[in-house]
Amino acid sequence: VVFDKTGTLTKGVFNVTKIEANGIDEDKLLEYAAVAEVNSNHPIAKSIISYYNKNIDLDKIESYEEIAAHGVKVIYNNECILAGNEKLMKSENIFYSSAKEVGTVVYIAINQQYKGYIVISDEIKDDSIEAINKLKSIGIKDIVMLTGDNEKVANNIAQKLGVDKVYSNLLPDEKVEKLEDIYKVKSEKEKVIFVGDGINDAPVLARADVGIAMGGLGSDAAIEAADVVLMTDEPSKIASSIDIAKRTNKIVWQNIIFALGVKIIVLILGAGGVATMWEAIFADVGVALIAVLNAMRAMR
């Protein structure tokens, strides 16, 4: 089972825990960050805007560009604001100081000059540890986590949850590449489940043998690409869904074997002149009713 992190194993509800300004007032740095993120629906963006809690003059935003898995670039009041992760700083050739805190870090640069960073922390879902333990107890071979977040945060979450393998700093296409690597080492009988919630997870959900999306907070693209949708956003339901699938599959085979078995026996008896009309009715209507009653056990 392969998990996305944010919004899947964690709540996706972020809180600003630290503001580190460089040659600028902290309030001004927060304002720039809020302006950059005001048009984004990402949970991190929402947390910054909520923490800023002031009105933003949207008319002064001249352009807005969202750079996938990097951050955003905004022209505001004739100033160029860059807000994103370390990849964004490196791609824009901006000299910056790497944050040492554990958490999601949003680096801010104004007119190509580094101005500081904001640390945002996410919380692990209440039942994520239970979900991992349940999956291991029913015989899942490997639990893997793929995330676009930085290595420090990813390793911290993975250690708390007991995840077997973790891959961090991944772009959406790199998540698909990692999934392909998993396919290369798995046996023919083994299946891969991917669990995610964001629009970036849609390609991986579609590629996996079974794609599971978080339906409550998940994006429409993720839900559309998934095979299974968990409406309560509880990862512990994954083990329950596997149990339901196994039980349903078992009942299906019971009905197939029972129905065919009875019909073959009655067919042989009929050919020998032993079976009467009543045996034929039982082989048809009776078997169908018994199969339906047996199938109803899946509702428990």
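This is a predicted model: local features need pLDDT of at least 70, side-chain atom pairs count only at pLDDT 80 or more; totals for chains, interfaces and linings use all residues.
## Helix over sheet

The strands form an open sheet of 6, with antiparallel pairing. Their order is β2-β7-β6-β5-β4-β3. Strands β2 (15–21) and β3 (61–67) are the edges, and each pairs on one side only. Direction ignored, neighbouring strands are turned by 15° against each other on average.

Strands of a sheet pair through backbone hydrogen bonds, in either a parallel or an antiparallel manner. Take β5 (residues 79–84) and β6 (residues 104–110): they run antiparallel and are joined by 4 bridges. Leu82 has Ala109 of β6 as its bridge partner.

## The helix pair

Helix α1 (residues 26–37) packs with helix α2 (residues 43–52). The angle is about 135°, and the axes lie 9 Å apart. Angles over 145 degrees would count as roughly antiparallel and 65 to 115 as roughly perpendicular, so α1 is oblique to α2. The crossing of the two helices is left-handed.

From α1, the contact is made by Leu30, Glu31, Ala33, Ala34 and Glu37. From α2, Ala45, Ile48, Ile49, Tyr51 and Tyr52 take part. By class, the residues of this contact divide into 8 nonpolar and 2 charged, with no polar ones.

Key: Residues are numbered from 1 along each chain as its sequence is written. Side-chain values use heavy atoms; hydrogens and water are left out. Axes are lines fitted to C-alpha atoms, for helices over the stretch in contact, and angles run from 0 to 180 degrees between N-to-C directions. Angles under 35 degrees count as roughly parallel, over 145 as roughly antiparallel, 65 to 115 as roughly perpendicular and the rest as oblique. A crossing is left-handed if the near helix is turned anticlockwise from the far one by less than a right angle, and right-handed if clockwise. Contact means heavy atoms within 4.5 Å. Ala, Val, Leu, Ile, Met, Phe, Trp, Tyr, Cys and Pro count as nonpolar, Asp, Glu, Lys and Arg as charged, and the others, Gly among them, as polar. Two strands pair if DSSP finds at least two bridges between them.
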